[in-house]
Amino acid sequence: MINIERVRADTPATSRQAYLHNAGAALMPVAVVEAMKHHIDLESEIGGYAAADREAPQLESVYGSVARLLNAAPDEIALMENATVAWQMAFYALPFRQGDRILTAEAEYAANYVAFLQVAKRTGAAIDIVPSDASGELDVDALERMIDERVKLIAITWVPTNGGLVNPAAAVGKIARAQGIPYLLDACQAVGQMAVDVEAIGCDMLSATGRKFLRGPRGTGFLYVRRAMLQQLEPPMIDHFAAPWVSRDAYRLRDDARRFETWENNYAARLGLGAAVDYALDIGIGPIEQRCRMLADRLRGGLASIRGTRIRDLGRAPGAIVSFTVEGYEADAVVSDAAAAGITIGASDPSSTRIDAEIRSLPPVVRASPHYYNTEAEIDRLIAHLEALTPR
Ligand SMILES: Cc1ncc(COP(=O)(O)O)c(C=O)c1O
């Protein structure tokens, strides 16, 4: 059981607003803020290089923390400035040729999809979209039928940015493993919200961000690359940290996932990320997942009975992102109206998930994303607020 009073005390802003925007950027716990402040103070006192030296063990332990979160090994982790760069490093390291196929899902995130388009344009590779089943989840049988020797990558988003869908990441992994096809998983909205076990999932590469359900600082993210895959991946860009310059005409790539990093980093943010991961692990991902779902289900239950409000989530067991539209109101208007009432929520534009949005003719949707530190009362407050919107 999560001690709600304690986690809310660790998150002072929860006393001032109902913060339900965790799919955008969650509120950081005090431990995260303090870890960053401490390091910045140290940098201002003794200089950035000495500060990094002094904090070297703590900085090193961030790899261990992220590895524990994912059930991976520390040498399979690269710390990055966001999820997009993490994903790009893996994706652009893969070789594609004319006729190769990239399989993805309907809810793929825009940043990933435009990269597919660029590589398709450059190489002649094809992008094939695996259809969804009746529930809206990636159709695993359809994926299996689409596999042939030309498929060089399966790359999907586990939990999309625009709703509660949770794609069957482990079932996809089973197929990828059996067929020996590289599998890149965007776990940006999953980490910190639900259990993420790269062994159980069977992905070769996984990208995620720090600031969303993980409650870390902005400008942090990480990449996991399975050890067996590492040696096959030459990063698309390197520096002398990723690949030390060992003789005039030669560099040698690092053996570990840090071959995807560069020399200069925001160490305060890294320590904040580490503190966020430790904080989540300390609470327990199991209880976090359970409470996130309970709160999201409560919200869906309430929304279902409001006339003119339509829930837009897909999948058999949607997670903590609750997407909906309100008849007569633009999504942005719902968001600003809620903000005026002390309730922070967000919106998701069709251009973030264009394929899914086009298939379902989605307008911009309102996105409310509770976390474990929210209360039932806050959920009910949002429901009551939406009920009171004048029908238009
Ligand atoms: C599903 C998904 N993937 C990737 C990203 C990109 O993450 P970042 O902004 O850290 O690069 C987002 C951000 O909203 C996302 O929702």
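This is a predicted model: local features need pLDDT of at least 70, side-chain atom pairs count only at pLDDT 80 or more; totals for chains, interfaces and linings use all residues.
The shell around the ligand contains five nonpolar, seven polar and one charged residues; here Ala, Val, Leu, Ile, Met, Phe, Trp, Tyr, Cys and Pro count as nonpolar, Asp, Glu, Lys and Arg as charged, and the others, Gly among them, as polar. In total 13 residues surround the ligand, and A83, T84, T161, C188 and T209 are the closest. A residue is near a molecule if its C-beta atom, placed from the backbone, lies within 6 Å of it.

Residues are numbered from 1 along each chain as its sequence is written.

Let me turn to the sheet. Seven strands form an open sheet with mixed pairing, in the order 2-8-7-6-5-3-4. Strands (E, at least two residues) and helices (H or I, at least four) are DSSP runs, numbered from the N terminus, and two strands pair if DSSP finds at least two bridges between them. The edges are strand 2 (77-80) and strand 4 (126-130), each of which pairs on one side only. Strand 2 pairs with strand 8 (residues 221-225) in the antiparallel sense, over four bridges. In this pairing, M80 stands opposite G221 of strand 8.

Which strands does helix 5 lie across? Helix 5 (residues 83-91) lies across strand 2, strand 5 (151-157), strand 6 (183-186), strand 7 (205-209) and strand 8, and runs at about 25 degrees to strand 8. Angles run from 0 to 180 degrees between N-to-C directions, with axes fitted to C-alpha atoms, for helices over the stretch in contact.

I close with helix 11 (residues 267-283). The axes of helix 2 (residues 30-46) and helix 11 come within 8 Å and cross at roughly 155 degrees. That makes helix 2 roughly antiparallel to helix 11, since angles under 35 degrees count as roughly parallel, over 145 as roughly antiparallel, 65 to 115 as roughly perpendicular and the rest as oblique. The residues of this contact of helix 2 with helix 11 are 12 nonpolar, two polar and no charged.

Helix 4 (residues 56-70) packs against helix 11 at an angle of about 40 degrees, the axes being 9 Å apart. That makes helix 4 oblique to helix 11. By class, the contact of helix 4 with helix 11 has nine nonpolar, four polar and three charged residues.

Key: Two residues are in contact if their C-beta atoms, placed from the backbone, lie within 7 Å.
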